[in-house]
Amino acid sequence: MSVATKQLRLSPKRRLKNSGRRNPLVGLIAWITALLFVSPVLWMMITSFHSEADAATNPPSFFAPLTLDAYAQFFGAASGANPWPPLINSAMASVFSTILVLLLAMPAAYALSIKPIKKWTDVLFFLLSTKMLPIVAAALPLYIFANFSGMLDNIWFLIIMYTSMNLPIAVWMMRSFLAEVPVEMLEAAQLDGAGLIRTLSQVVAPVATPGIAATGLICFIFSWNELLLARVLTGVVSGTAPVFLTGFVSSQGLFLAQLCAASVVVSLPVLIAGFAAQDKLVQGLSLGAVK
Amino acid sequence: MQPKTRFTAVAASVITLSVSLTGCAGAGGGPAQGGKDSINVLMVNNPQMLDLQKLTAEHFTKETGITVNFTVMPENDVRAKITQEFSWQSGQYDVASLSNYEIPFFAENGWLAPLDESVAGRADFDQDDILPAYTESLTGTDGHLYGEPFYGESSLTIYRKDLFEKHGLKMPDNPTWDEVAELAEKIDEGEPDMKGICLRGQPGWGQVFSPLTSVVNTFGGTWFDKDWNAQVNSPEFTQAVTFYTDLLREHGEAGAAQAGFAECLNNMVQSNTAMWYDASSAGSILEADDSPVKGKLGYAQAPVKETEHAGWLWTWSWGVQAASEKQDAASEFVAWASSKEYENLVADELGWASVPAGKRSSTYEQPEYQKAAPFFDAEREAILNADPKNPGVQERPYVGIQFAGIPEFADLGTFVSEDVSAVIAGKTSVEKALDKGQKRAERIAATYRD
C-alpha cells in the first residue's frame, strides 16, 4: 500500500466526513469533469490508431478500423527520419537540468527558509521577477549569444537555459516544503556536530523527499515540454522531441494520425514519470495545502 | 550503504556522467556530424521533401559519400527559422528550401551563394531544361542565379468530371470567374451533400491570399501601383475580395474561414466539394493510387476576368547559405535533388505521380508521367503563361503573381488576410477590412517612395 493511501485509510475522521457527504450527484459531476479533461487525450490516442484518411474526417470517425501505420510513420517508415536522437536529447535536457535545478534550489531554499538570510523576501521577489520577462523577449538575444559563443545547437546550452528557467519556481516550491521541517530536528543535528552539507543531505533531504520529488517532476515536465527555446537554439544535432513533433504538421497532405501517434509517444515519458512519482507527488502537493 | 557514502556515490556518478557527455553536443551527433562530408539541410515538410529525405541516404550518400542531415518543419516555422539562420549567417545550415518569394531579397541581402557555376554550369544538370519562368524568378538583380527549383506549380481549376457529366455541365478550358460562380451554384443545387467550390479562407499571406491575390490581379487590382501607391481599397481590389468572399459564403465549404490547402484537399478527397481552385501540385495527391477521386477529375486553367491568364507561379527551391563552409558538398546536393536523375529515381522507387515535377520541360515529355499526371498539360500551359513581372492589367514596381515580392509583404498579407477571414466568417465588411489594410500598405509604400 502506498504511503498516501495508507495515510488516508488511517484517518477515520476524514472517512467519516466523506461518507456523511456521499452524494451521487457529486460523483457524477466528478466523473463528467474527469471525462471532459481526459477526452482530448482519448481522442488523440484513438486517432493515433486510425489511418490518415479516417483521422481527417469531420465529424470524427471513432469506430474506423485500427492500424499501427501512424506509429510506423513516426518511427520513420516513410521518411526515414529517426525519432530517437530528439527523444534522447529531450531526456538529456530534462534529466540534467532537473538534477542541476534540485542541487542548486535546495541550498537556496535552505537559506531562504530554515536559516533565512538578511532581506530574504527581496531575494524571493528577485527570483520571482525573473519569471516576469516573457521568454520570447529573450529568445533573439540568446540566439545571438549562442551564435557568437559557438553554443548554437548544443544540448548543454539548452540544459543551462532550462536550469535557469526552472530554478526560480523550484526555489519557491522548495522553500515552502523546507519550511515544514521541524526546527528541533535541525537543532539536534547541529548539537550532534553536523555541518551544512550533512544537515542538508541527511536531515533535511529525507524529510523533504516528497517536496523534492514534486519539484523535480514539475521541472522535468516543464523541460520536457519546452518548445520555444528549443526551436530557436537547436538545429540538426540537439533538436528535442517537441521540435521533432512539430515537424509532422504539414501544409500539404494529411498528418493528423501521425501527429497524434507522435504526441502519444512523446507524452509517454512524462506520464510514466508522473505515475512513478504519484505517491510522492500527492504528498508533496498536499503538504502546503494542509498547513 | 551508509547515507553519506550513498550521497557521495550519487554525486560522483552524476559528475562522471556529465563530464563524459560534455564531449557531444547532442544525440543527433554521429561520427559524421559536422564533418567535412556532411551537410545540414533545413526544409519544409511537404510530401515531396519527405520522399527526398527517404531516398537521400540510400542513393546520394552512397554515390558521393556526403551525409545529409535534414531538419523538417511546418511551412510557417521553417520560414521563421530560415530567416533567423540566414540573416545571422550562422552557417549552421548549408542548404534550405526557399521559395521564389524569398530568393530575390535573400540574394539582395547577400545571404545566398550564387549557383551559376556550381550547379547551373554543370553539363549534366541541363539548366536550359528548367522552365524559363523559374530561372528568371530565382535570378537576383545582379544577374546571378541564387536558387534551383525542386518542384514548381501554378494554379488550376480542379473539378469533378463525373458530376459535371451527370448534371450536363461543361467546364471551359479557360473559364471566367463568372462561369465558375454559375457552375458552383448549379452543382450546389444538384448535389445536396456537396458544396459547389472550395477556396482557401484561412488567414496567412500564403493561405487565403495565394488564390485571392490571383483573383485581385485578374479583376484589375494590385497591391501597389507603379509609383508605389497602395491600392488595397481600390474599387478593383474591393470588387475582387467581395466576389471571392461572396462566392465562398454562398457556395463554399463549411468552416471556410479556417480552411487552407490541406482542408480543401480533404474536402476534395472526401467528395465534399465539386470544384477547387488551388495549386496544381494538388493534382499529384488527388491522382495518387490510394485517392478515392483518382481519375474522376478534370483540370482547367485558373479562372479569369480582365486578364488573359491568372495562374500563379510558385516553386520550392534550394538556396545555399553564403556563410556555409561546405559550398561544394551543398551544391553537389542541390544539383542532385533538382536533377532529371532524381526525378527518374523517384519514378522508379515511388511512381511517376510522386515525382517533384513542374520545373523541367523534359518531365512533361515523359509518356509515363503524362499517364500518371492527367493534369500535366493544364499545368504546363499555366506555368508557361505565368508572368511574374506583369500579371495584372497595370505596371507594377514588384515581381510576383500571388504575392508582392517585397520582404514586408508577408506581414502585410497576413495582416489583411485576418480581416478577410473575418469577412468570410461574417464578422466584418469588405470595406472595413480593406480600409484597414490600405493604411498598413500605405505606410510600407511610403518607405519605397522615399
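**View 1. The contact between chain B and chain A in this predicted model.** In the predicted model, 37 residues of chain B are in contact with 34 residues of chain A. On the side of chain B that touches chain A, at least two residues each are supplied by the helices α1 (3–21), α2 (47–64), α3 (75–88) and α11 (261–269) and by the strand β2 (67–73). The largest share of this side comes from α2(B), which contributes 5 residues. By residue type, this side of chain B is made up of 18 polar, 16 nonpolar and 3 charged residues.

**View 2. Helices α11 and α14 of chain A.** The axes of helix α11 (residues 196–225) and helix α14 (residues 256–276) of chain A come within 10 Å and cross at roughly 175°. Because an angle over 145 degrees counts as roughly antiparallel, α11(A) is roughly antiparallel to α14(A). From α11(A), the contact is made by L217(A), F220(A), I221(A) and W224(A), and from α14(A) by P269(A), V270(A), A273(A) and G274(A). The residues of this contact comprise 7 nonpolar and 1 polar, with no charged residue.

**View 3. Residues 87–277 of chain A.**

**View 4. Confidence along chain A.** The mean pLDDT of chain A is 85, and 90% of the residues of this chain reach 70 or more. Over residues 1–16 of chain A, however, the pLDDT is below 50, and this stretch has 8 contacts in the model beyond near neighbours in sequence.

How values were computed
Residues numbered from 1 in each chain as written. Chains lettered and ligands numbered in written order. Predicted model: local features only at pLDDT ≥ 70, side-chain atom pairs only at ≥ 80, totals over all residues. pLDDT = per-residue confidence, 0-100. Contact = placed C-beta atoms within 7 Å. Helix = DSSP H or I, 4+ residues; strand = E, 2+ residues; numbered from the N terminus. Nonpolar A, V, L, I, M, F, W, Y, C, P; charged D, E, K, R; others polar. Axes fitted to C-alpha atoms, helices over the stretch in contact; angles between N-to-C directions. Parallel < 35°, antiparallel > 145°, perpendicular 65-115°, else oblique.
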